Each structure stands twice: as C-alpha cells, then as structure tokens.
Amino acid sequence: MADDKAILNLPGKEPIELTIKKGTLGQPVIDIQQLGQHGYFTFDPGFMSTAACESKITYIDGDKGILLHRGYLISELVEKADYLEVCYLLLNGELPNATQKANFIAKINQHSMVHEQLRSIFQGFPRSSHPMSIMCGAVGGLSAFYHDSLDINNPDHRNLAAIRLIAKLPTLAAMAYKYSIGQPYIYPLNTLSYAENFLNMMFALPANPDFRPDPLLSKAMDQIFILHADHEQNASTSTVRTAGSSAADPLACIAAGISALWGPAHGGANEAALNMLEQIGTEDNIAKYIARAKDKNDSFRLMGFGHRIYKNYDPRAAVMRKTCHDVLEHLNLLDDPIFKLAMKLEDIALHDPYFIEHKLYPNVDFYSGIVLRALGIPKNMYTVIFAVARTVGWIANWNEMLSTPPLRITRPRQLYTGYAQREFVPIKSR
Ligand code: CMC
C-alpha cells in the first residue's frame, strides 16, 4: 500500500523507501534503521520525534490527555484497583484473578525485608544526605546480595528480580527516612496492604506498636503509587532500558533509573514544586513569579507545570487534584496557606495567555507534593516515593525488552562538531 512507505530523497542518491510502521494506537513511525547504510544518520536531541522501542505496556495520547496501562484508563485503575493489582497488570499484561492476586501478594510479602547486612550501607551516609542519594546506593547495592539469581536470560530470575524490587523498595525508602531522623528502622508487616505497610514503616515507632496508618491516608498513598507506576518511555524508563541494553543486571539498571528520576525536570519536580510554593510564599507574589516563568532571560519555570507529551490536562493530575482535596478536607487542612496558594497559582496560570498558548497544564507533581506534605512526609522523600512507585514500570519495561529479542545495545550516533584531526604539539612548544 502506498501509505506504508515513506520516500526519502538524499542529495546524489536514488530515492530510499522507508517502511512506515503502525501501532495499535498513536502516531505511525518511519523505520530508519537502514539509513546508516546510505551514509546518513538522523539528528534528534532529546528524542523529540524518535520512538526508541516497541512496547505493549503503556499508551499516552498527549493531545487528548489519555493514559492507558495495558489498555485500561488510569482513572479507572485508580478507582477500581489497588497498586499491587496494577503492578501485576503492568508486569503480566492482564489483571489478576483472585487467586493470582493472592499469590502475587504472598510473593511480595515473602521478599519485603532486606538483608540485615544492608543496614551497614546506611551507616556510611551522613544523616543529612538527600534520601535519593541513599536510594541510588542502596538499590545498586542490592545486586551484591543476589549473585545467584541475576541471570538476565532466565525468565524465572527476571521475574524474581521484579518481585524483589517491588517488595524491597518501600522498605529501603522508609529506612532512608528513619535513618535521616535517627529513629529505629521498622520492619515490614505482612498483614498490611502495600501502602499501609509503607506508611507504617515511615511513621510507626517501637514504643507505639499499636500505631496503624489512617485508612483514607493509606488509600491516598495507594493512589499516589498507582498514578506514578508507569509512564511510557520517559527519561528514567529510557535510562533503565539503556542500562539494560548492555546486559547489566536488573537491580543495577533500576539504580540507574533512580538517578535519572532525581532531576527536577522529571521526578524531582514534586519536591521542586513544593519548594517553589514556599518561595512564592503569598498570593500577592504570584504575578511576579508568573512573569519570571514567562521571561526567556530567567531560568525560573513553574514547577509542576508542562509536560513533553501532554498538551492537555495530565490525566494523573486530574485524579491527584481530587485526592488532594479529599486528603486536606479529611485532615481539616483546606485553609492551609500552601494549598490555597497552589489553587490560586493554578487558576492564574490556567487563564494566562502564555500558558494557554504553550499548552502548559499542571502535571501530577503539582499536586502530589501537597498531598504528601499533608501526610507528614518531608519534601526530600517525595521523589523517593515516586521511585518506589515507578519501580514496577521500570522493571516491566526492562523485562519486556529482555523477553523480545534481539537485544541491541543502545548506541546513538552524534553530529561531531569538534576539531578535525590535528598534530600533537609537545608541551614545551605550546
Ligand atoms: N514554566 C514556564 N514555561 C515552560 C514550562 C514551565 N513549567 N514548561 C515549558 N515551558 C515553556 C518553555 O519555556 C518553552 O517555551 P518557548 O517554546 O517559548 O521557548 C516551551 O514551554 C516548551 O518547553 P520545553 O522545555 O521545550 O518542553 P519540554 O517538552 O522539553 O519539557 C518539561 C517538558 C516537563 C521538562 C517542562 O515543561 C518543565 O521543565 N516543566 C517543569 C518541571 C516539571 O514539572 N516536570 C515534571 C514533569 S511530569 C512528571 C514526570 O513524569 O516526570
């Protein structure tokens, strides 16, 4: 069919036919894999127009503001499923039945503790460390404990790595927090749900063994986990795939993903958004900061606004906005000055011509920090929580890449603009 090929005319060459591939949904792609043989590469910094892989896991329609995991709308998953069901779905492609879910939870529970010796890693960090730096070290360090089950060509080992990571990340995250405030670590409790257990490990104390997290707040935590579980080929997921393409072990690959997530343009935006709100301080400062965000000579941006793919309302933000209201109402915090400031800023930005023309809407991170703050979680833990939730998306993508051969090492080319070959000048003559 004529529309299955694109014709590329290069100077001095015969026209080149390139196959156009169509997915189930979304824009078709032009397969340029053979282009290098014709003496050309493509140039696309930031991958503005490049599909780097095929995937069946997540689909985003950025113009319509739609996010699907394995075909299910994110809003429906948040309403009708819990985080571990979503994990099962992302990993296996289908929602679990009751038995499959019970078995999955049992496996997660079985692996929720970390090796006692891993505690020593924490001791090496200053208590003032950012917990994301501890997470990079501790998750990378997990590899040292599982040499016997990291064969990436063995599907059982790959599944075990996925279970271990999903099970242990909340434990490590809570340990990073407890370490920073000098409180004893709290062991995971298998009678609790995934979200309850995380909040329990964060806030319980040996002196208060009857502490249990508030059910509405645990539900909000579960929703935050679901909303951050996966998001297609974002910077951190692409990093995990790139690290995995060299056949690195999965635990090391996830440590690479955590590093990529940390930046304020990506997962670090939740912490940055709260810092920004504190910096703005009061409603009468909003106009000044909006003007700064629009000024091309000022590096200030409205954190928690804008997205590479969404040119419409981020569907995760729509859910998180509601959760934010529910949690603050439950905690009698609707008069909280930071919350009121955020609502005012959102309103002003959404009606500002610059933000309308640039299609800049609030993203999930604009609201998640406000919810986490209300839950009593310190700012430097926000991105850690994002990492806990996104681990399933990372490992599902890694596993998909490993299970659909051939595995090709990721090796982009470049447009070289440096010196041509030149003669070495000895130091005395320079
Ligand atoms: N405030 C002010 N202007 C902005 C913003 C913002 N938050 N975001 C983008 N713009 C402007 C930018 O200046 C540019 O304007 P112009 O075309 O006139 O030069 C235009 O919008 C396009 O920006 P870009 O940087 O080329 O867009 P991008 O797709 O490369 O970047 C982004 C996407 C998310 C990095 C960017 O919107 C941003 O820095 N946002 C703030 C950080 C943030 O909230 N990140 C979390 C993203 S959602 C969580 C996740 O999944 O990681």
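In the predicted model, a polar backbone atom of glycine 304 lies 2.8 Å from an oxygen atom of the ligand, a polar contact being a pair of N or O atoms within 3.5 Å. Of the 950 Å² of accessible area that the ligand has on its own, the protein covers 76%, with areas taken from the Shrake-Rupley method and a 1.4 Å probe.

The ligand is surrounded by 20 residues, of which His266, Leu302, Gly304, Arg308 and His358 are the closest; a residue is counted here if one of its heavy atoms lies within 4 Å of the ligand. This shell divides into nine nonpolar, six polar and five charged residues, with Gly placed among the polar ones and Asp, Glu, Lys and Arg counted as charged.

Histidine 228 is found in the loop that joins helix H8 (215-227) to helix H9 (235-245), helices being DSSP runs (H or I) of at least four residues, numbered from the N terminus. Histidine 228 counts as buried because its relative accessibility is 2%, the limit for buried being under 20%. Its side chain reaches the backbone oxygen of isoleucine 224 at 2.8 Å. When residues up to four places away in sequence are left aside, histidine 228 touches Met320, Val364, Asp365, Ser368, Phe386, Ala389 and Arg390, where contact means heavy atoms within 4.5 Å.

Residues are numbered from 1 along each chain as its sequence is written, and side-chain values use heavy atoms, without hydrogens and water. Because the model is predicted, local features need pLDDT of at least 70 and side-chain atom pairs count only at pLDDT 80 or more, whereas totals for chains, interfaces and linings use all residues.

Conventions: Helix = DSSP H or I, 4+ residues; strand = E, 2+ residues; numbered from the N terminus. Buried < 20%, exposed > 50% of the residue type's maximum accessible area, 1.4 Å probe, protein only. Polar contact = N/O pair within 3.5 Å; in protein donor to acceptor, adjacent residues only side chain to side chain.
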